[in-house]
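Hi,

Here is the structure I promised to pass on to you. Have a look at it first, and then read on for my notes on what turned up.

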Amino acid sequence: MRSVTGGFAKGLGITLKTMLTPAVTVQYPHVKEDPPTRARGVIALKEENCTVCMLCARQCPDWCIYIEGHKDKAPPRREGGKPRTVQFLDRFDIDYGLCMYCGICVEVCPFDALFWSPEFEYSETHIADLLHDKDRLGEWMETVPEPPALEAGAEAKKGAKK
Amino acid sequence: LTHALLAVDLNAYWFQTLVKAVLVLVAVPTATVIIVQTFMFKVMAHMQSRLGPMEAGPHGSLQLLADGGKFVQKELIAPARADRRIFFLAPVVVLISTFLMFVVIPIGPTAYAENLDTGIFYAMGVSSISVLGVLMAGWASANKYSLIGGLRAAGQLIAYELPLVLAVVGPVMMAGTLSLQGIVKAQADFHINVFGAASIRMPYVFPQILGFLLFLVGTQAELTQTPFDMPVAESELVAGYQTEYTGLPFLFFYMGEFGASFGLSAIAATLFLGGWYVPGLIHGHSLIANLIGFAVLFAKTMAVAFLIFWIRFSVPRLREDQLQSFAWKVLIPLSLVNIALTGLFKVVF
């Protein structure tokens, strides 16, 4: 009997305490919550870093990345040099109707052309509009946060291992 | 028309009755709105670390307008095998029981709809009419969940009516009257002499603390609120006797329930906390005194309602057999003891 009344009083105490502490609810459309670090909202493309190596498109489990490019001559680096052969990016689309936000493309990119952005408000009424072309993907670059600072001693350890 | 209106005798019996009826008809939905908005939307939300409705009006204060509109729009559906007349009559019976209860609650020195000599007896009587409505709903729905829910509700309401009524006997014995207005006045004069030296004035809640607690538990069960909400236990009975109801009849059940929670809280405030009376504030029978009385009663009612809803939001549901044995083996003996103690108290002091 004593444990029953004790539990009853404890329960009442907990609800009263909860009532008197402010609720943690964030009124979403009016107030936006701070995104957690490394939030996976949308993938941004830094076009000038992309070499059309297709690694991301090959690794993508959903086949939601479409890349087209062509080979062309670029002006030489030095005066009087030979013109360089460079891959030009014609098309880079990510279909967010297919994407499962695994982030393998971001991980696999050797030239730091893909980044996670915490933005998530890009829903559409037509599924075809979820296909973001390279201009749209480039616009997301503005929203990419600074990478979080490395942990203390992270650099030194990396060097020591090598 | 103006001539006809001017010819109305303002003190005529029929006119006074009309005014009182309209007042009570307005009071019950208003009380329901206040209870639901304050407790079901806001207090419950904050006790669960939420905010509750926030979009409709400032802090969601107009949410009930939207909800009420939604209920009114909905189609009235009755099961094919249901007893249609009884099915649609049942929520009205429940609601009428609540309306009738509001009639006798005094809200000021001269402000009351009806000052019956048998006021509290009448209030307890009409509050149990709702059992009939619940049974009718359960039976007429032609649904096994509804029937079990209705029978559970009937068994529960009858079992807890007893401690409720017996708890009321305490203040009635102390005041020496059944009239609610009389109980308020007797409570205003009530004081205890300590060895003949000092006399301490207090409301009945202090000498009748056991009665007050019994009344609260009984109220909780009468309103079928957690931990006594077996008649509408959703995990066992879908929604009990309310299962087959839609739209307006469903709204009537809700208005009956929350209106009754306000009414019973007001009766508890009147019986145990001194009703509209507050020492030093109320003198005479003026309009101001009546308004202050109303405000005081409202504050006390909300305090009691907070206790009831606080328990509702904090504890889980009991089992059906625990419910019955708690009423018959614990509450009823305790309330009989309370009556005996009150008699002793009355004789000794």
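**The largest pocket**

Four helices each give at least two residues to the lining of the largest pocket: helix 1 (2–20) of chain A, and helix 9 (209–222), helix 12 (287–314) and helix 13 (320–348) of chain B. Please keep in mind that this is a predicted model. The pocket holds about 960 Å³ of space. Its lining counts 29 residues, and those nearest the centre are V4(A), F8(A), V217(B), F228(B) and F326(B). Sorted by class, the lining of this pocket has 21 nonpolar residues, seven polar ones and one charged.

**The cavities**

The volume of the largest cavity is about 260 Å³. Nearest the centre of this cavity are S130(B), E222(B), L223(B), E257(B) and A260(B), out of 19 lining residues. Helix 4 (84–102), helix 6 (129–140), helix 7 (144–175) and helix 11 (247–272) of chain B each bring at least two residues to that lining. Helix 11 of chain B has the largest share, with five residues. The lining of the largest cavity divides into ten nonpolar, seven polar and two charged residues.

The second largest cavity has about 100 Å³ of space. Of the 17 residues that line this cavity, C50(A), C53(A), C56(A), C109(A) and A113(A) lie nearest the centre. Here the classes come to 15 nonpolar residues, two polar and no charged.

**Where the chains meet**

Next, the interface. Twelve residues of chain A and 15 residues of chain B take part in the contact. Together the two chains bury about 1200 Å², with 69% of that area on carbon and sulfur atoms. On the chain B side, M47(B), L51(B) and W310(B) lose the most area to chain A, and together they make up 36% of what that side buries. How many salt bridges run between chain B and chain A? The count is zero.

**Salt bridges**

Over all chains, the count comes to ten salt bridges. One of interest joins the side chains of E121(A) and K32(A), with 2.9 Å from N to O. This pair links distant parts of the chain, 89 residues apart. E121(A) sits in the loop between strand 4 (114–117) and strand 5 (131–132) of chain A, while K32(A) is in the loop between helix 1 and strand 1 (42–45) of chain A.

Before you set anything up, here are the scores. The complex gets an ipTM of 0.72 and a pTM of 0.77 from the predictor. Chain A has an average pLDDT of 86, and 94% of its residues score at least 70. For chain B the average is 84, with 93% of the residues at 70 or above.

Which part of chain A has pLDDT under 50? That is residues 158–162, and the model has zero contacts beyond four places in sequence for them. Within chain B, the lowest mean pLDDT among the elements belongs to helix 1 (residues 2–6), at 65, and the highest to helix 4, at 89. Helix 4 of chain B is also one of the helices that line the largest cavity.

Happy to talk any of this through.

Best wishes

Notes:
Residues numbered from 1 in each chain as written. Chains lettered and ligands numbered in written order. Predicted model: local features only at pLDDT ≥ 70, side-chain atom pairs only at ≥ 80, totals over all residues. Heavy atoms only, no water. pLDDT = per-residue confidence, 0-100. Contact = heavy atoms within 4.5 Å. 1 Å grid on protein atoms, 1.4 Å probe; cavity = no way out; pocket = protein on both sides within 12 Å on 5 of 7 lines; lining within 4 Å. Points joined across faces, edges and corners; volume = space filled by probe spheres on them. Nonpolar A, V, L, I, M, F, W, Y, C, P; charged D, E, K, R; others polar. Buried area = accessible area lost by both parts, 1.4 Å probe. Salt bridge = Lys/Arg side-chain N within 4 Å of Asp/Glu carboxyl O.
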